[in-house]
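Please look over the sequence and the structure below. A short report on side-chain contacts follows.

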Amino acid sequence: ARAPADTPGDTIVLMLRALLTDRFRLVSHGGEKPTNAFFLSTGSGGPKMKPSAGAGAGGCKLEPMSKNVTVDNTYACHNVTMGEFATQLREAASSYLTEPVIDETGLKGRWDFVVAWTSKGSLERMGTGVSVSNAVDQQLGLRLREERRALPVFVLEHAEKPAGI
């Protein structure tokens, strides 16, 4: 399947859903399920990040530092939304963040910032350092907390193997 290059993302999702439903005879529905997740919100003092100038490609890059220092991970983000940051942070700090990270900051626009923390193994071994939750709080003015909530889920009830495969 192909879509024109200027097709909006929401439209592509709908087109893909229709294609899969037709091709695999998918039967599905949405619902909610109690799930553990980390929720990213603004801290009491407000964000400590600067709005991005919007120049250049957006993204975050994990830059491991020398193991001789207390903080051994630096995560530099440029021109990212809070939703993008939440998703990428889980990957960068997977030893701490074992569940999805959901953006609830309400912050619009794109941001530039750096956040640094001590890896979980180093923190446990040395007994000193900064956890990712504390780093996000102290350095970015955001709050990261784990909760169990009813979250939207996709429930697949039926699928068939297409003929000829």
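## Aspartate 112 and its surroundings

The side chains of aspartate 112 and histidine 78 are joined by a polar contact of 3.0 Å. A polar contact is a pair of N or O atoms within 3.5 Å; within protein, one must be able to donate a hydrogen and the other to accept it, and residues adjacent in sequence count only if both atoms are side-chain atoms. The model is predicted: local features need pLDDT of at least 70, side-chain atom pairs count only at pLDDT 80 or more, and totals for chains, interfaces and linings use all residues. Residues are numbered from 1 along each chain as its sequence is written, and side-chain values use heavy atoms, with hydrogens and water left out.

Aspartate 112 is found in strand β6; helices (H or I, at least four residues) and strands (E, at least two) are DSSP runs, numbered from the N terminus. Aspartate 112 is buried but has no salt bridge, and the nearest side chain of opposite charge, lysine 50, is 4.8 Å away. Buried means under 20% relative accessible area, exposed over 50%, and partly exposed in between (1.4 Å probe, protein chains only). A salt bridge is a side-chain nitrogen of Lys or Arg within 4 Å of a carboxyl oxygen of Asp or Glu. For charge, Lys and Arg count as positive and Asp and Glu as negative, while His and the chain ends are not counted.

## Salt bridges

The structure holds five salt bridges. One of them joins glutamate 84 and arginine 110, at 3.0 Å from N to O. Glutamate 84 is in helix α2 and arginine 110 in the loop between β5 (101-103) and β6, 26 residues apart.

Glutamate 147 forms a salt bridge with arginine 145 at 2.7 Å and another with arginine 149 at 2.9 Å. Salt bridges with shared partners join Glu104, Arg145, Glu147 and Arg149 into one network.

## Aromatic pairs

The whole structure has three aromatic pairs. Rings of Phe, Tyr and Trp (its six-membered ring) pair if their centres lie within 6.5 Å; planes under 30 degrees apart count as stacked, over 60 as edge-to-face and the rest as tilted. Tyrosine 75 and phenylalanine 85 form a tilted pair, 6.5 Å centre to centre with 40° between the planes. Tyrosine 75 lies in strand β4 (residues 73-80) and phenylalanine 85 in helix α2 (residues 82-92), so this pair ties together parts 10 residues apart in sequence.

Phenylalanine 85 is buried at 0% relative accessibility. Phenylalanine 85 and phenylalanine 113 form an edge-to-face pair, 4.9 Å centre to centre with 85° between the planes. Tyr75, Phe85, Phe113 and Trp117 make up one aromatic cluster.
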